[in-house]
Amino acid sequence: MTEENQEKEREEVVVPTNEPVREEALDMETLLAQEGLGLASIPQKGEIRNGEITSITKHEILIDVKSKADGIIAGYELDKIDQDTLQTFEVGDVISVYIVEPEDPNGNVVLSYTRAQEEKDWQRVEEMLESGETLETIVEGYNKGGLLVPVGQLQGFVPGSLVSVFREQEGATPEDRWENTVGEPITVKVIEVERERQRLILSERDAIGETREAIKEQLIDDLAVGDHVTGYVSSLADFGAFVNIQGVDGLVHLSELSWEHVEHPRDVVKVGQEVEVEVISLDEEKRRIGLSLRRLEDDPWKEKIQDLEEGQLVQATITNLTDFGAFARISGTELEGLIHISELSAQRVGHPSEVVSVDEELTLRVINLDKERHRIGLSLEKVDSDEFASYDYEKIQEEFEEEGGLEEMGISEAEEPVEDDEKGVGEEALSEDGKEELEGDQPPDEGEPGKGSEAPPDDQE
């Protein structure tokens, strides 16, 4: 290039004297460039930088963050560093730091090691939330709601409902349930991240969810109808309660919670409660487990009907009329039975009101006792039925025996009629004196006038 062209280029880059601000800016750029720095190297608050440790003392750590001034970790920011981690630091190490303040009153760049790690951890868990990746950590502590676990510099929370059932212990207090889990390894999955609220929610159940179906299959294979197993109530619904058994939920239907009528499952059980249940059904195709709580207790209904039997006559009061029959409460009990419309009369009945009315007291016959379904069938039509004649006769005999027989009714054994035999009228039952008296009182022979005892023939009446 000729000297003329070089001179021309220098003239083109000369800054006009009427733009002093631009000239000063260019001078600063030149100065920073001479020191190996640029505008991009000026620390910004909240920025994360890699810097080289230049000095370590008890009170501070100096770090070269490629700025015009030294970076410093001191005071509270130094105290927040874990002592085990602090012991690993050496001069010359390159570490990541967070710019707390680009310049303090002393001209230093205020740095934080823990904040840098936290930012990296937040970025990491946000990525894990997107990818569904799981992570390994340990149980650091617990509270009444669940487990506390560290994720780098962050503290994550695993709600009790998302902790594996294999880990939870028996008991009502957090100490009973979680104390033995502290220090144990745990695999979790990120399900919620809110950096502004410092909120990190994790789930152990979701982390092992891929194997849950296999666990369910194995459990169904191992169980049998009639088995008694222990689990805990995992959730409630209007139609029943779900009980978790070895990580698998089975259903206790509303009708299987108690022998008494239940409006809602919460009237009988509560979430988290440990219960023993009986397996009453296994649906391998749909992978459903039917459970019962009430079947582990004696059925009080069976005790209530122990004095009833089919064929028995009872006194009852009509309580309700329906199109298909009438309900009646058996006197002296809380038991109600149904008189089907076909059992009201031998004649065709259009509606029960044609035969009976509410509050009417009647004698009815028990014709059916369904102990499994807790149902009593009653009949008005069969009260005088020949079908139960022999049953009624036996009952009358039993009542006489319970009342002490004929003696209790004032009839002695000697007063009972004695049949004639070859030896005379009850000779074996009489004493010798009695025989003589009887012989003396014998009626005259037949045919003697005025001494006969026979009734006159029909044609002489």
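**Notes on a predicted model: barrel, loop and salt bridges**

1. In this predicted model, strand S18 (residues 325-330) and strand S19 (residues 336-340) pair in the antiparallel sense over 5 bridges, and Phe327 stands opposite Leu338 in S19.

2. Both strands belong to a closed barrel of 5 strands, which runs S17-S18-S19-S21-S20 with mixed pairing. Neighbouring strands of this sheet are turned against each other by 50° on average, direction ignored.

3. Gln312 is found in the loop between helix H9 (300-304) and strand S17 (313-322), and a polar atom of the Gln312 side chain lies 3.1 Å from the backbone nitrogen of Glu309. Leaving aside neighbours within four places in sequence, Gln312 is in contact with Asp307, Leu364, Arg365, Val366 and Tyr391.

4. The structure holds 15 salt bridges, and one of them joins Glu119 to Arg195, with the closest N and O atoms 2.6 Å apart. This pair links distant parts of the chain, since Glu119 is in helix H5 (residues 113-131) while Arg195 is in the loop between strand S10 (185-194) and strand S11 (199-203), 76 residues apart. Glu119 counts as buried at 18% relative accessibility, whereas Arg195 is partly exposed, at 23%.

5. Arg295 forms a salt bridge with Glu256, the closest N and O atoms being 3.0 Å apart. Because Arg295 lies in the loop between strand S16 (288-292) and H9, and Glu256 in the loop between strand S14 (248-253) and strand S15 (274-283), the pair ties together parts that are 39 residues apart in sequence. Arg295 is partly exposed, with a relative accessible area of 41%, but Glu256 is buried, at 7%.

6. Finally, a network of salt bridges links Glu192, Glu194, Arg197 and Arg199.

Conventions
Residues are numbered from 1 along each chain as its sequence is written. This is a predicted model: local features need pLDDT of at least 70, side-chain atom pairs count only at pLDDT 80 or more; totals for chains, interfaces and linings use all residues. Side-chain values use heavy atoms; hydrogens and water are left out. Helices (H or I, at least four residues) and strands (E, at least two) are DSSP runs, numbered from the N terminus. A polar contact is a pair of N or O atoms within 3.5 Å; within protein, one must be able to donate a hydrogen and the other to accept it, and residues adjacent in sequence count only if both atoms are side-chain atoms. Contact means heavy atoms within 4.5 Å. Two strands pair if DSSP finds at least two bridges between them. Axes are lines fitted to C-alpha atoms, for helices over the stretch in contact, and angles run from 0 to 180 degrees between N-to-C directions. A salt bridge is a side-chain nitrogen of Lys or Arg within 4 Å of a carboxyl oxygen of Asp or Glu. Buried means under 20% relative accessible area, exposed over 50%, partly exposed in between (1.4 Å probe, protein chains only).
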